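Subject: Structure for your review

Dear colleague,

I am handing over the structure below, and after it you will find notes on what turned up when I went through it. Please read them with the model open beside you.

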Amino acid sequence: MPIRNIDVYVRELRLTQETRISALADTRLGIEGHNWLRQMMSRAHDGESVAMGGLPQVLEAEIVKELGFFRSHNITPVVVFSGLPVARKDGRPFAKDDHRPSQRNAAWDMYWQKHTEQALRKWGTASPYAQGDMVPFVMQVLQAHGVEFMRAPYASWAQLAYLYKHESQPIHAIYSSLDVLMFDVDRVITTISPIKQTFGWIQRDHIVSKCGVASEQILDMCILAGFDWCPTFPALLSDIGFSFKSAVDITRQYRSGFSAIQMMGDHAGTRSSNYCDSFMRAYCIVKYHIVMHLDGSVGPLNPEYAPNDIHDIIGYRLPTAAYHLMARGAIQPPVLNMLVSGSWLEFSPADNGESSEYQRLVTQWESSIYKQLCAPLCVGLGPFFQQRKVTMCAWFDPHNDIVLHDAGSSGKPQTHGEPLAAKATGSPRTAVSLAQVLQRSGKLLAASGDPSGSDEELALAVLVSLGFVTRSGKHTQLGAALLKGLLALGQSGNAAEQQWPVVVATILFAQGLLTGEKWTVAYEDERPAAGDERQQRFVRLVSRIATLVPLCGRKGQWRLAYNRDLLAFSSAAKVVLKAAASILDSARLERAVASSDGQAVSGKLQIPLECATNSGGGLLVHALLTDYVRSGSGCWQRVRDEAGDSIGDAGKALCGTWQLVEAVLAMAQEYRKSSVGGKAKVQQAQAAADTAESAHEWAQQAFDEALG
C-alpha cells in the first residue's frame, strides 16, 4: 500500500509541475520497477489472463513501447525492482480474507451464463498474481532490449535514493511513486505522458513550504498516514474516513510523529495496537534501509548512525552473494524469503485450486521438494539458519503448517562453481540438452562429486532433486521414462522448447494427474460435452498435454471457449515449474555461498516462467478435437474461422503439441514397462499409458488434417 491519500493531498495543493520530456534528454532515469509495472498494468486490465492463466497478452508490447519512447528521447532507463519484503509482524498468514477466489467463481458463473464481457471485467479484478510474480518476465524483456536493471536487496525506493544521491550520479532523476520522498530525495517524477510529451514532477521543498513543516518531518507525517510498513495512526481515523492533511496537522503541531503519539496515547486504538512500536520500527526501516552499494557491499543507509541490530527489524542478514545473485536476476526472491521469513506460502491459483488432486500435489509432492531444498541450504548459510524452523502453509488449510526444516534437520552443502562478478544484468535463456544431461549424469557427478556451476551441472542438480536421477548418477524409473520422452522429440527445430514440458508431463503423469479422467472437482459438466465417454477421455488427455505448449503471437480478444478444467490442469503444471525454478535458484545460491571469494555464480540456464504459462494451447486443441468429434473432417478450418487472429501462431502450437503427444506416449510406455509400487499404482500407470496410446491413435487424423 502506498502512503495513504498523499496523492490526493498533493493534487489538491497543485504541487505537480509539468515539463517537456526533452528536459530529460541525455539523462539516466532511475525507474521504480513495481510502480512502472503497476502503471502499465492499469492500462491493460486483462480478464483473459485470469481465465486462461498467464500474463496479460499486451504486457510485453507495453514494455517495448515504453522503452521505445525513452530511446527516442535519449533517455537511458535504469529499472530497479524491490527484492525481499521487509519483515512483518502481522500474525498468521491468510488471517485476512482474500476475496479474489470468490470473484473468480462469480466470473465463471457469468461466463457459463453467456455474459462473457461481464465475466472478463470480473476476472480482470481478480488476478492470482502479485506484481512481483511478473518481474522475472519483465527482466527477460529488459535484458532482450539491452536495458539496465537490478533488484534491490529490499525496497527499491531506498536503492533509488542511494543511487540518486551518490556523488558519482549513477542516475540523474527518479521516476517513482511519492513513497520515495520518505528517503530524503529532493524531487521525484511521478508521471510521464508520451501523448503530451511531458512529465510531471514534485519538488520536496514545495511540499515542505505548503505544509509548513521541516524537511525531516516529511517522514514522520508519511508514517503517521500509513503505508506498507506501518498502519495509519488510529487517532487520525474518523467516521468520515482519513485525510492526509490530518497527518500534516499533528506533525506540525507536535513537531514529530513520536511526540504526537505520546501526547495522544490515551486513544484506545493507539494503546491496543502498540502503535508507538510500529511507528519507530517503520522509522528505523526507512532511515537505515539496507541497500547495495556501488562497491558491491550490502549495508544500511546512514551507516554511521545505524543500529547494530537493524536486520532484526528489516530481515535476517543473508550472505552478500545472495544479494548479488538476486540483484542481477539470477535468482528470484521466493527461496530467499522462505529462509528469512521461515515460511513458504501457497496462494490460490487462477482456477482456485479446489480439487483434491491439486491440493495433494501441493501438500505431498511440492512440500517434499522444498524439504529437500531446505536442509542443505540452511546448513550452508550458517549456524543461525541451520537452527531455523521453516514451514509451508497453504491457503486451503491455513492452520496446518508442514515443517520443511527444523533444528534437527541436516544436509550436505553443495560444491561451488566458477565465480562471476555481480552486475545488474540479466541471464538469457540457453538451450541445454536435458537428454544429454541424463545420458551423461554419471560422468557429470563423478567429475565433481556433486553438480557444480555449469549449465549442464545445474540442470542435473534440478533433475536429481525432481527425482529423475539418484545422487550416484543412476536413472530412476521416472528418469528412464523422461529420457525416452526427450529422445522422442528428436532433432526438430523446437525440441529445445519442448524439453521442460516433457519434464512437467512426466511428473504429472507419475502423480496420476496427466490422464483422461475427470478430477474430483470437474467443471466441464456446466457445458454440453461432445462424444461418448471414451472420446471425452481422449479429448481431455490430449488437451491437457497441449496446455503445456505455449501459444504465442495472439492478437485481439480470445474467441474460442474458455475451459476451467484445463485452467486447473495448467495450475498443476505451474506448481511443477515453480518447484523446478526454486531448485535451480537453490543450487545457484548454494554454490555462490560456498565459493571461496563469496562472489555469485549463476550460469545461464532458465526454467520456463511459471507466470507466463497459460492454457491457450489446450483451449485450441480442445476446440479442434471437440469439433472433430461433432463434425469430422474440416474441423481445423472451422476452428480457424471461429478463432481468427486470436490463436496467433496456431500452426506452431499444434505442431509442438503433436510432438509433445508423441513424447508423452513414449514416456508413458517406458514408465509402464518399469512400473513399480503398490498394485493400485501399477494398474493406474498401465491404464494411463493405455489411454495415451488410444488417444494418440484417435487424435492423429484431426492433427494430420490441421498440419497439412
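Two strands are said to pair here if DSSP finds at least two bridges between them. Please also keep in mind throughout that this is a predicted model.

With that in place, I begin with the strands. Strand β10, residues 343-346, pairs with strand β11, residues 390-394, in the parallel sense, and 4 bridges connect them. Within this pairing, Ser 343 has Thr 391 of β11 as its bridge partner. On its other pairing, β11 is joined by 3 bridges to strand β12, residues 402-405, and these two run antiparallel; there Thr 391 stands opposite Val 403 of β12.

In β10, Trp 344 and Glu 346 make up a covered face, whereas Ser 343 and Leu 345 make up an uncovered one. In β11, by contrast, both faces are covered, with Val 390, Met 392 and Ala 394 buried on one side and Thr 391 and Cys 393 buried on the other, which accounts for 5 of the 5 residues of that strand.

Turning to the chain as a whole, it holds 30 helices and 12 strands. Its radius of gyration is 27 Å, which agrees with the value near 27 Å that a compact globule of 708 residues would have. The C-alpha trace spans about 80 × 60 × 55 Å along its principal axes, and 56% of the 708 residues are buried. Of the contacts with a separation of 6 or more, 75% are between residues 24 or more positions apart. The accessible surface comes to about 29,100 Å², and carbon and sulfur atoms hold 49% of that area. As for charge, the mean positions of the 67 positive and the 70 negative charges lie 1 Å apart.

Among the helices, I would draw your attention to α2, residues 33-42, which is largely enclosed by the rest of the structure, because 7 of its 10 residues are buried. Those buried residues are Gly 33, His 34, Asn 35, Trp 36, Leu 37, Met 40 and Met 41, and what covers them includes β2 (27-32), α4 (59-72), β3 (75-81), α7 (131-144) and β5 (173-175). Leu 37 has a relative accessible area of 1% and is buried. Leaving aside neighbours within four places in sequence, Leu 37 is in contact with Leu 59, Gln 131, Met 134 and Val 138. With Leu 59 the C-alpha to C-alpha distance is 9.0 Å, across 22 residues of sequence.

Glu 357 lies in helix α18, residues 356-380, and is buried at a relative accessible area of 11%. Not counting residues up to four places away in sequence, Glu 357 touches Leu 513, Lys 518, Trp 519 and Thr 520, while Ala 446, which is 89 residues apart from Glu 357 in sequence, is 38 Å apart in space, C-alpha to C-alpha. Ser 615 is in the loop between α26 (564-594) and α27 (616-631) and is buried, with a relative accessible area of 0%. With the same exclusion of residues up to four places away, Ser 615 touches Met 52, Gly 53, Thr 547, Leu 566, Leu 567 and Ser 570.

Finally, there are two backbone points to consider, given that most residues other than glycine have a negative phi. Arg 14, which is not a glycine, has a positive phi of about 55 degrees; it is found in the loop between α1 (6-13) and β1 (17-20) and is exposed, with a relative accessible area of 75%. Gln 197 likewise has a positive phi, near 60 degrees, and is found in the loop between β6 (187-193) and β7 (198-203), where it is partly exposed, with a relative accessible area of 25%.

With best regards

Technical notes:
Residues numbered from 1 in each chain as written. Predicted model: local features only at pLDDT ≥ 70, side-chain atom pairs only at ≥ 80, totals over all residues. Heavy atoms only, no water. Buried < 20%, exposed > 50% of the residue type's maximum accessible area, 1.4 Å probe, protein only. Rg over C-alpha atoms; globule rule 2.2 N^0.38 Å. Contact = heavy atoms within 4.5 Å. Areas by Shrake-Rupley, 256 points an atom, 1.4 Å probe, with all protein chains shown as cover. Lys, Arg positive; Asp, Glu negative; His and termini not counted. Charge placed at Lys NZ, Arg CZ, Asp CG, Glu CD.
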